[in-house]
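I opened a new page for this structure. My notes follow in the order in which I looked things up.

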Amino acid sequence: MSHGKQFTLYTHVGGPNGWKVAFVLEELGLTYESKYLDFSKNEQKNAEHTALNPNGRIPTLVDHQNGDFAIWESNAILLYLQEKYDKENKLGVSNPNDKFTLLQWLFFQASGQGPYFGQAFWFLKYHPENLPSAIERYQKETVRVYTVLEGVLSKQEWLVGGKPTIADLAFITWNRAAFNVVLKDFQNVNVEKDFPSVWKWHKKLEERPAVAKVLQIQAEVQKQ
């Protein structure tokens with residue numbers, strides 16, 4: 001390490017999962033240096049990175065104040081940061097049942113939102129063939145996920161504990177992908193009108209100073 005900051009975050013300019021980690025680092029006031037891996041050069045699969053993350057994907061976080069401890073899988077990183085460095089429990093919960101509910105939402109994000117939204121994005125933007133049936137399948141699954149979230153968020157402001165936590169923050173980046181791409185032209189779906197509680201929840205998260213700062217950084221690096 002030569003940058004003098006506590007963490008090195010191996011990430012990607014466009015990949016949603018790395019930005020989730022940046023949100024939490026900023027929320028907790030932790031110092032970090034982002035290394036944006038070039039997927040066109042397959043840098044995520046090179047020996048330097050796979051020595052830290054054998055899965056060869058992003059994000060990977062190295063904690064230089066904990067013996068260069070390396071951890072990967074975005075929601076595992078969020079849990080690590082919250083448990084180890086969130087001394088005021090700003091982004092966590094205290095009630096034992098709430099702790100399991102928080103884990104429930106992180107699992108739902110990792111198994112329901114991320115993969116299905118990601119597949120929809122892939123078939124819409126990057127797949128070499130146009131496969132309408134695949135696109136529709138994943139767009140419908142995106143709508144299903146928002147139906148689940150709307151049912152909960154229409155009754156409460158946040159997912160767990162009556163306050164924003166890492167569970168809420170975990171959803172932001174893939175929400176943005178869905179709003180701007182996945183559901184943009186799908187069967188007249190209008191997220192703001194059809195899922196008003198989800199929309200309000202997401203906008204409140206985007207307005208948080210730490211989140212807004214990271215989104216500004218993302219916009220700047222994507223222009224480069």
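Entry 1, strand 1 and its partners. I began with strand 3, where Val62 is the bridge partner of Thr8. Strands here are DSSP E runs of at least two residues, helices are H or I runs of at least four, and both are numbered from the N terminus. Strand 3 covers residues 60-63 and pairs with strand 1 in the antiparallel sense over 4 bridges; pairing requires that DSSP finds at least two bridges between two strands.

I noted the basis of the model. It is predicted, so I kept in mind that local features need pLDDT of at least 70 and side-chain atom pairs pLDDT 80 or more, while totals for chains, interfaces and linings use all residues. Residues are numbered from 1 along each chain as its sequence is written, and side-chain values use heavy atoms, without hydrogens and water.

Next I looked at strand 2 (residues 32-36), which pairs with strand 1 in the parallel sense over 5 bridges. There Ser34 is the bridge partner of Leu9. I also found that strand 1, helix 1 (residues 16-27) and strand 2 form a right-handed β-α-β unit, meaning that, with the strands pointing away from the viewer, the path from the first strand over the helix to the second runs clockwise.

Is strand 1 enclosed or open? I found 5 of the 5 residues of strand 1 (residues 7-11) buried, so the strand is largely enclosed by the rest of the structure. Buried means under 20% relative accessible area with a 1.4 Å probe, protein chains only. Phe7, Leu9 and Thr11 point one way, and Thr8 and Tyr10 the other.

I located Gln109 in helix 4. Gln109 counts as buried because its relative accessibility is 2%. Leaving out residues up to four places away in sequence, I listed what Gln109 touches, including Lys20, Asn75, Phe171 and Trp174; contact means heavy atoms within 4.5 Å.

The contact involves Gln109 and Phe117, among others, of helix 4, and residues including Trp174 and Val181 of helix 7.

I noted 22 residues (132-153) and a reach of 31 Å from first C-alpha to last, close to the 32 Å expected at 1.5 Å a residue. The expected span is 1.5 Å times one less than the number of residues. Its buried residues, among them Tyr138 and Leu149, pack against helix 4 (96-125), helix 7 (172-182) and helix 9 (196-206).

How values were computed
Buried means under 20% relative accessible area, exposed over 50%, partly exposed in between (1.4 Å probe, protein chains only).
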